[in-house]
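The following explanation leads through a structure part by part. Please keep the sequence and the coordinates at hand while reading.

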Amino acid sequence: MQSLRLPARLDSLEQFRAFVADTAKREQIPSELVPKLELVLEELLTNLVFHAYKGNDGSAEVQCSAEGGTFCLRFVDEGPPFDPLKRPPPDLSKPLEERQIGGLGIHLVKNMADRLEYRRDRDRNILTVCFDAKEAKRET
Amino acid sequence: MRIEDSKIGQAAVVQVAGRIDAAGSTVFEAHCKKLIDKGDTTIILDFSELEYLSSAGLRAVLTIAKKAKPAGGKIIISGLAGGAKEIFDISGFSSMFPMANTLEDAAGMVL
């Protein structure tokens with residue numbers, strides 16, 4: 001398991017992105033999966049910055065693990081309890097004028113990931129996002 | 001992310017190449033809002049060179065469209081493909097916007 005801890009800020013995204021891409025390459029994860037990993041990383045980091053820490057200082061840890069054809073990203077933070085999976089899904093059928101601006105990030109994450117799990121462990125939020133890494137999924 | 005402006009008839013064409021992520025989306029949004037303020041309310045977003053789009057990018061597109069519409073304009077999406085197209089589909093954006101395969105097709109949707 002590899003991990004990287006950085007300040008929970010948007011400008012940490014580049015470093016997290018390089019870390020995840022390097023780890024995925026080392027673990028010989030199919031390259032089609034990498035854009036999905038990048039997307040999930042961005043969505044969960046922005047979610048953490050804006051919703052969990054709400055602009056306050058804090059740190060975020062990203063862990064990567066590969067086992068038995070599954071690649072998992074785990075996000076750990078010390079913000080207030082916050083389960084992003086409990087956010088109500090956006091109403092995708094509404095016309096442009098009524099569409100809300102928020103809620104799309106988690107919707108995308110749920111669609112990209114093969115398995116998602118949130119738990120609160122003492123003072124930490126732990127969100128694990130796993131991908132089937134044996135073959136590319138949902139290719140169109 | 002690279003942004004290039006051009007025109008087809010009365011419509012402004014904004015080509016965005018590369019990535020629209022959290023950082024790029026604010027630049028992209030400000031760029032298009034400025035066009036709308038100048039009176040270019042019908043904008044063709046040429047996404048044929050777009051490699052990556054996150055929810056921040058979707059939010060920017062939605063914000064731009066919500067500004068263009070009351071001003072009598074509209075946003076047309078052109079050339080979207082691959083992973084970015086998938087993001088549009090998953091979010092229901094593909095049915096919310098006029099979608100063109102090529103700039104020629106997009107030009108035909110202006111009026």
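In this predicted model, A:Arg122 occupies the loop that links β4 (115-121) and β5 (124-132) of chain A. Its backbone has a positive phi of about 50°, although A:Arg122 is not a glycine. A residue counts as exposed if 12 or fewer other C-beta atoms lie within 10 Å of its own; A:Arg122 has 5 such neighbours and is therefore classed as exposed.

A:Gln28 is placed in the loop between α1 (13-26) and α2 of chain A. Here, too, the residue is not a glycine, yet A:Gln28 takes a positive phi of about 55°. Because 9 other C-beta atoms lie within 10 Å of its own, A:Gln28 is exposed.

Read from the N terminus, the elements of chain A follow the order β-α-α-β-β-α-β-β. The radius of gyration of chain A is 15 Å, close to the 14 Å that the globule rule gives for 140 residues, so chain A is as compact as a globular protein of that length. Along the principal axes, its C-alpha trace spans about 45 × 40 × 25 Å. Of the 140 residues in chain A, 29% count as buried. As for the contacts in chain A with a separation of 6 or more, 69% of them involve residues 24 or more positions apart.

Attention now turns to where the two chains meet. In the model, 19 residues of chain A are in contact with 21 residues of chain B. On the side of chain A that touches chain B, the elements giving two or more residues are α2 (34-52) and α3 (104-112) of chain A. Of these, α2(A) gives the most, with six residues. Sorted by class, this side of chain A has nine nonpolar, six polar and four charged residues.

Strand β1 (residues 2-8) of chain B pairs with β2(B) in the antiparallel sense, over seven bridges. One of the pairs across these strands joins B:Asp5 to its bridge partner in β2(B), B:Val14. The hairpin of β1(B) and β2(B) has two residues between the strands, and B:Gly9 there takes a positive phi near 55°.

Strand β2(B) also runs parallel to strand β3 (residues 42-46) of chain B, to which four bridges join it. In β3(B), B:Leu45 stands opposite B:Val14. Between β2(B) and β3(B) the chain passes through helix α1 (residues 22-37) of chain B, and this β-α-β crossover is right-handed. A further parallel pairing, of three bridges, connects β2(B) with strand β4 (residues 50-53) of chain B. There B:Arg19 has B:Tyr52 in β4(B) as its bridge partner.

Helix α1 of chain B contains B:Lys34. Is B:Lys34 buried or exposed? With 10 C-beta neighbours inside 10 Å, B:Lys34 counts as exposed.

Terms used. Residues are numbered from 1 along each chain as its sequence is written. Chains are lettered from A and ligands numbered from 1 in the order in which they are written. This is a predicted model: local features need pLDDT of at least 70, side-chain atom pairs count only at pLDDT 80 or more; totals for chains, interfaces and linings use all residues. The radius of gyration is taken over C-alpha atoms; the globule rule is 2.2 Å times the number of residues to the power 0.38. A residue is buried if 20 or more other C-beta atoms lie within 10 Å of its own, exposed if 12 or fewer, and partly exposed in between; C-beta atoms are placed from the backbone. Two residues are in contact if their C-beta atoms, placed from the backbone, lie within 7 Å. Two strands pair if DSSP finds at least two bridges between them. A crossover is right-handed if, with the strands pointing away from the viewer, the path from the first strand over the helix to the second runs clockwise. Ala, Val, Leu, Ile, Met, Phe, Trp, Tyr, Cys and Pro count as nonpolar, Asp, Glu, Lys and Arg as charged, and the others, Gly among them, as polar.
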